[in-house]
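Work through the exercises below with the structure in view. Each task is followed by a worked solution.

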Amino acid sequence: MTVQALDDQEFDRLDTFLMCPRTPEATMDLEMLDGFLVALNIGPEEVPEDEWLPAVFDGQVPEFSDKIEADDIMDLIRRHAATVREAFSAKSRVRPGEEPLYYPLILNDEGLDEKWQETIGQYWASGFHAGVAVREEAWQNEMDESDDFYNTIARIIALELGHDPDDEEEKKLTIKQREDRLDELPWLIEELMYFWLEKRFGKVETVKNEEPKVGRNDPCPCGSGKKYKKCHGA
């Protein structure tokens, strides 16, 4: 059965609660939660809910106003988790098309002022890093063994750090570099997913798109004149 993805109002309701004073200080926001769930679902093994769900609230219990609110918020988190899981499922992987399997929520943000553009993607990458840490030993072992694997992860983590991990001078990413990295994000995620699938199950057939990859800020190839994210990438 297809999972019903959260709509804009539900995302707003979830994000508002995650950021309210009644949650622990280190509670993930919606952007971090999305990155966290992506890392969990493309990683070395399935992580049970009773392990990952408490981490959303830093291992503490938030102050719900009543059972109705508690059930609502937990349902929203579980539904988004199911949406992410379905996006990377075997059924989704055999679906041909020009689009990646999943667009991180950060790619849907619009109207950010320059102040936030300077750190765009930071919280998503932080959440992704937290998801990696859930199975840190497995990820670290492969990073030690494979330069390609390490380099793919490093391109994501750079969004969190603000510079490429191997840059000794820690040269700050420009807004343009951040935007370009975000355009790459769906494809970087898939590279990591297929790496782990081959580790777990052997050689995995991938559906290759012969068309050039289209960035979210590039003109839509349909010829509408709109940006891809406002047209066929919406």
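**Exercise 1.** At what angle do helix α8 and helix α9 pack, and how far apart are their axes?

Solution. The model is predicted, with local features needing pLDDT of at least 70 and side-chain atom pairs pLDDT 80 or more, while totals for chains, interfaces and linings use all residues. Residues are numbered from 1 along each chain as its sequence is written, and side-chain values use heavy atoms, without hydrogens and water.

Step 1. Locate the helices (DSSP runs of H or I, at least four residues, numbered from the N terminus): α8 covers residues 136-145 and α9 residues 147-161.

Step 2. Axes are lines fitted to C-alpha atoms over the stretch in contact, and angles between N-to-C directions run from 0 to 180 degrees. The angle is about 120 degrees, and the axes lie 5 Å apart.

Step 3. Angles under 35 degrees count as roughly parallel, over 145 as roughly antiparallel, 65 to 115 as roughly perpendicular and the rest as oblique. The pair α8 and α9 is therefore oblique.

**Exercise 2.** Which residues of α8 meet residues in α9?

Solution. From α8 come Trp139, Glu142, Met143 and Glu145; they meet Asp147, Phe149, Tyr150 and Ile153 in α9.

**Exercise 3.** Is Thr152 buried or exposed?

Solution. Step 1. Find Thr152 in helix α9.

Step 2. Buried means under 20% relative accessible area, exposed over 50%, and partly exposed in between (1.4 Å probe, protein chains only). Thr152 has 9% relative accessibility, so this residue counts as buried.

Step 3. List its contacts (heavy atoms within 4.5 Å). Not counting residues up to four places away in sequence, Thr152 touches Leu188, Glu191 and Leu192.

Conventions: Helix = DSSP H or I, 4+ residues; strand = E, 2+ residues; numbered from the N terminus.
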